[in-house]
Amino acid sequence: MIQSWGILFIMWNIPYFMAMLNPEKERGLVLACLLMQLVGVVGETFLYVDLSEQFFTVKQSILRFIVFDGAGLLFLFIAWWLSRDQSTATA
């Protein structure tokens, strides 16, 4: 089971890797990664809020994912913004 999660993790990260290679050219892929990350943060937040305090350890683990994925969301937004076409960007 753990190995299958590892395979899924690698599979899910392929779009991020491809977007990193050339963010200006693959701006749509950067946006897709941004949206994937947003879905993760929102979904994890719903899981966190829905769990009772009885599951304190699980909630703390989910909270770490929210913080980690939230930081990733911020960095992806910055990458998406920086990869915009500078010739059409306004000052």
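Start with helices H2 and H3: they pack at an angle of about 155 degrees, their axes 9 Å apart. Axes here are lines fitted to C-alpha atoms, for helices over the stretch in contact, and angles run from 0 to 180 degrees between N-to-C directions. Helices (H or I, at least four residues) are DSSP runs, numbered from the N terminus.

This is a predicted model, in which local features need pLDDT of at least 70, side-chain atom pairs count only at pLDDT 80 or more, and totals for chains, interfaces and linings use all residues. Residues are numbered from 1 along each chain as its sequence is written, and side-chain values use heavy atoms, with hydrogens and water left out.

Stay on this pair. H2 and H3 are therefore roughly antiparallel to each other. The classes are these: under 35 degrees is roughly parallel, over 145 roughly antiparallel, 65 to 115 roughly perpendicular, and the rest oblique. The crossing of H2 and H3 is left-handed, a term for a near helix turned anticlockwise from the far one by less than a right angle. Colour the contact of H2 with H3 by residue type: 18 residues are nonpolar, four polar and four charged. Ala, Val, Leu, Ile, Met, Phe, Trp, Tyr, Cys and Pro count as nonpolar, Asp, Glu, Lys and Arg as charged, and the others, Gly among them, as polar.

Next, select H1 (residues 2–21) and H2 (residues 27–50). Their axes come within 9 Å and cross at roughly 140 degrees. H1 and H2 are therefore oblique to each other. Their crossing is left-handed. Show side chains: from H1, Trp12, Pro15, Tyr16, Met18 and Ala19 meet Leu29, Val30, Cys33, Met36 and Gln37 of H2. Contact here means heavy atoms within 4.5 Å. The residues of this H1 contact with H2 comprise nine nonpolar, one polar and no charged.

Now go to H3 (residues 56–82) and pick Phe77 and Trp80, three residues apart, about one turn of the helix. Two aromatic pairs are counted in the model. The rings of Phe77 and Trp80 have centres 5.9 Å apart and planes at 40 degrees, so this pair is tilted. Rings of Phe, Tyr and Trp (its six-membered ring) pair if their centres lie within 6.5 Å; planes under 30 degrees apart are stacked, over 60 edge-to-face, and the rest tilted.

Buried or exposed? Phe77 is partly exposed, at 42% relative accessible area. Trp80 is also partly exposed, at 23%. Buried means under 20% relative accessible area, exposed over 50%, partly exposed in between (1.4 Å probe, protein chains only).

Two last stops. Select Leu31 in H2; at 33% relative accessibility, Leu31 is partly exposed. Draw a line from Leu31 to Leu63: 32 residues apart along the chain, their C-alpha atoms are separated by 24 Å. Finish at Gly6 in H1, partly exposed at 32%. Gly6 and Phe46 are 40 residues apart in sequence and 24 Å apart in space, C-alpha to C-alpha.

Terms used
Helix = DSSP H or I, 4+ residues; strand = E, 2+ residues; numbered from the N terminus.
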